[in-house]
Amino acid sequence: MEKALRVYGGVLRLVRRLPKETRPYYAKYARENFVNYREAEVGDSKALDELFHRAYNHSIWVLNKWINPLQII
């Protein structure tokens with residue numbers, strides 16, 4: 001549970017780097033996904049690590065989607 005909270009906090013820190021008008025949407029999206037997967041198999045460390053890795057990669061993808069076009073302008 002502690003690791004999940006650290007990952008969730010990391011995702012929210014990435015959300016704070018997004019443009020202000022998009023933050024509420026992505027913060028809610030992240031929370032809903034973490035809530036949906038709270039029933040994940042706690043004993044399966046490898047599956048949880050993979051799930052956390054996918055959450056982080058998706059967050060980076062969203063961040064790049066919003067930040068990179070803004071830097072070109």
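## Basis of the model

The model is predicted, so local features need pLDDT of at least 70, side-chain atom pairs count only at pLDDT 80 or more, and totals for chains, interfaces and linings use all residues. Residues are numbered from 1 along each chain as its sequence is written, and side-chain values use heavy atoms, with hydrogens and water left out.

The pLDDT is the predictor's confidence in each residue, from 0 to 100. The protein chain averages 78 on this scale, and 82% of the residues score at least 70. Among the elements, helix 2 has the highest mean pLDDT (85), while helix 3 has the lowest (76).

## Overall fold

The protein chain contains 3 helices and 0 strands, and its elements run α-α-α from the N terminus on. Helices (H or I, at least four residues) and strands (E, at least two) are DSSP runs, numbered from the N terminus.

Of the 73 residues in the protein chain, 25% are buried; buried means under 20% relative accessible area, exposed over 50%, and partly exposed in between (1.4 Å probe, protein chains only). Contact means heavy atoms within 4.5 Å. Among contacts with a separation of 6 or more, 58% are between residues 24 or more positions apart.

## The nonpolar core

A nonpolar core is a set of buried Ala, Val, Leu, Ile, Met, Phe, Trp, Tyr and Cys residues joined through side-chain atoms within 4.5 Å. The largest such core has 8 residues: Val-11, Leu-14, Val-15, Leu-18, Tyr-26, Ala-30, Val-62 and Leu-63. Helix 1, helix 2 and helix 3 (45–72) each give two or more residues to this core, and the largest share, 3 residues, comes from helix 1. In soluble globular proteins, nonpolar side chains tend to be buried together.

One of the core residues is Leu-14. Leaving aside neighbours within four places in sequence, Leu-14 is in contact with Tyr-56, Ser-59, Ile-60 and Leu-63.

Thr-22 lies in the loop between helix 1 (2–15) and helix 2 (23–36). With a relative accessible area of 8%, Thr-22 is buried. The side chain of Thr-22 reaches the backbone oxygen of Pro-19 at 2.8 Å, where a polar contact is a pair of N or O atoms within 3.5 Å; within protein, one must be able to donate a hydrogen and the other to accept it, and residues adjacent in sequence count only if both atoms are side-chain atoms.

Tyr-25 is found in helix 2 and counts as exposed because its relative accessibility is 54%. The C-alpha atoms of Tyr-25 and Val-15 are separated by 9.5 Å, and the two residues are 10 residues apart along the chain.
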